Amino acid sequence: CFLRGAEGQEPSEDQCVALEATLRWLCDEYDIGVDHVFFHRQFKSTQCPGPRLEAAVNEILRRMRLLAQR
């Protein structure tokens, strides 16, 4: 649960590392550009993945964009 408030939690460092590795692999394996990674809430009304996880994913995507520019 990565929602706001007392009920929400921050993703752990291990979760973020695993998520970054998974995103990098998926983008490489399926030739997906970083700008084509979306949250499903962009297509359907939902709170998922929650702002705390979304912030972590956005940071991962930012780093991936920087690496792609090199």
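**Close-up 1. Burial of Met64 in the predicted model.** With a relative accessibility of 6%, Met64 counts as buried in this predicted model, because the cut-off for burial is under 20% relative accessible area. Met64 belongs to helix H2, which comprises residues 51-69. Apart from neighbours within four places in sequence, the residues in contact with Met64 are Leu23, Arg24, Cys27 and Val34. A separation of 10.0 Å is found between the C-alpha atoms of Met64 and Asp35, which lie 29 residues apart along the chain.

**Close-up 2. Cys27 and Cys16.** Cys27, one of the contacts of Met64, is buried, its relative accessible area being 7%. Cys16 is likewise buried, at 18%. The cysteine sulfur closest to that of Cys27 belongs to Cys16 and is 16 Å away, too far for a bond; a disulfide requires a pair of cysteine sulfur atoms within 2.5 Å. The structure accordingly contains 0 disulfides.

Close-up 3. Ile32 is located in the loop between helix H1 (13-29) and H2. The relative accessible area of Ile32 is 34%, so this residue is classed as partly exposed, a term that covers values between the 20% limit for buried and the 50% limit for exposed residues.

Conventions:
Residues numbered from 1 in each chain as written. Predicted model: local features only at pLDDT ≥ 70, side-chain atom pairs only at ≥ 80, totals over all residues. Heavy atoms only, no water. Helix = DSSP H or I, 4+ residues; strand = E, 2+ residues; numbered from the N terminus. Buried < 20%, exposed > 50% of the residue type's maximum accessible area, 1.4 Å probe, protein only. Contact = heavy atoms within 4.5 Å.
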